[in-house]
Amino acid sequence: MKLRAIVIDDEPLALSLVSEYIKKTPFLELVGEFDHPLDAIDFLSLQPVDLIFVDIQMPDLTGIEFTRSLEGAHKIIFTTAYEKYALEGFKLNALDYLLKPFSYEEFLKAARKAHKQCELEMDAQPIIQSNSQFLFLKSEYKIRRINFNDILFIEGLKDYIKVHTIENEKPILSLNSMKSLEQKLPKNRFMRVHRSYIVNLDKIDTIERSRIIFGKTYIPVSDMYKERFQEYLDKNFL
């Protein structure tokens, strides 16, 4: 599995260096570079991120303050030129602490620690269907009960799934595969219509040009699943 990583550093050279280290590491994927932590907070509210490399000494909001402000659990590796912050960093359960200037070898050692921990967590992720009405899903170190009737659609994003529900504006994120979740859903209520999408059939209101519309979201019905989806429509509505 690849870890989605971002870098936060107000120093352009340091930001560029860590970004290049991420790009050359096979099990990491650079999804964001930020010279201000507030921009990163906005990004994290929209996208799943596995690993954050963050400088500590920054204006307006330090890396320590940024980490404390985060909702949910994120894997943090601090990067700083000041050794005095090490203890405070580890109090925040940071995975590692890289003292500038650090080599790629030091960077890789810290990144591998994060990768190993993510693999262990993914292996332990539970998807437990209690009955025909709901399932329990692990999300951000919590077990969430999700009623099937509340689900609009499910979106796959590499090693993550996003469960879009009626009640929550933000999707529920879980480190899981579409295949494993699909096996737990009632087949008479949910259908996979695309490699990256499963829809709640009861919640479909509008279909337009091989696309299912949920509010402002347009979900494509791919060729692989089009015949099966059309059979469902013919049987139930046409």
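**Exercise 1.** Of the 21 residues in the largest nonpolar core, which touch the most other members?

*Solution.* The model is predicted. In this core, V18, I22, L28, L51, F53, I77 and F107 touch the most other members. Next, assign the core to elements: β1 (3–8), α1 (12–23), β3 (51–55) and α5 (104–123) each give two or more residues. With 6 residues, α5 gives the most. Finally, take I77: leaving aside neighbours within four places in sequence, its contacts include L51, F53, L95 and A110.

**Exercise 2.** Find which elements the aromatic pair F53 and F107 ties together, and state whether each residue is buried or exposed.

*Solution.* The whole structure holds 11 aromatic pairs. In one of them, F53 and F107 are stacked, at 4.9 Å centre to centre with 25° between the planes. F53 belongs to strand β3 and F107 to helix α5, so the pair joins parts 54 residues apart in sequence. F53 has a relative accessible area of 1% and is buried; F107, at 0%, is buried too.

**Exercise 3.** Describe the surroundings of the Y104 ring.

*Solution.* Y104 is stacked with F107, at 6.0 Å centre to centre and 25° between the planes. The two are 3 residues apart in helix α5, about one helical turn. Y104 is partly exposed, with 21% relative accessibility; the cut-off for buried is under 20%. The charged end of K24 sits over the Y104 ring, 4.3 Å from its centre. Ring pairs link Y104 into a cluster with Y21, F53, F102 and F107.

Key:
Residues are numbered from 1 along each chain as its sequence is written. This is a predicted model: local features need pLDDT of at least 70, side-chain atom pairs count only at pLDDT 80 or more; totals for chains, interfaces and linings use all residues. Side-chain values use heavy atoms; hydrogens and water are left out. A nonpolar core is a set of buried Ala, Val, Leu, Ile, Met, Phe, Trp, Tyr and Cys residues joined through side-chain atoms within 4.5 Å. Buried means under 20% relative accessible area, exposed over 50%, partly exposed in between (1.4 Å probe, protein chains only). Helices (H or I, at least four residues) and strands (E, at least two) are DSSP runs, numbered from the N terminus. Contact means heavy atoms within 4.5 Å. Rings of Phe, Tyr and Trp (its six-membered ring) pair if their centres lie within 6.5 Å; planes under 30 degrees apart count as stacked, over 60 as edge-to-face and the rest as tilted. A charge sits over a ring if NZ of Lys or CZ of Arg is within 6 Å of the ring centre and within 35 degrees of the ring normal.
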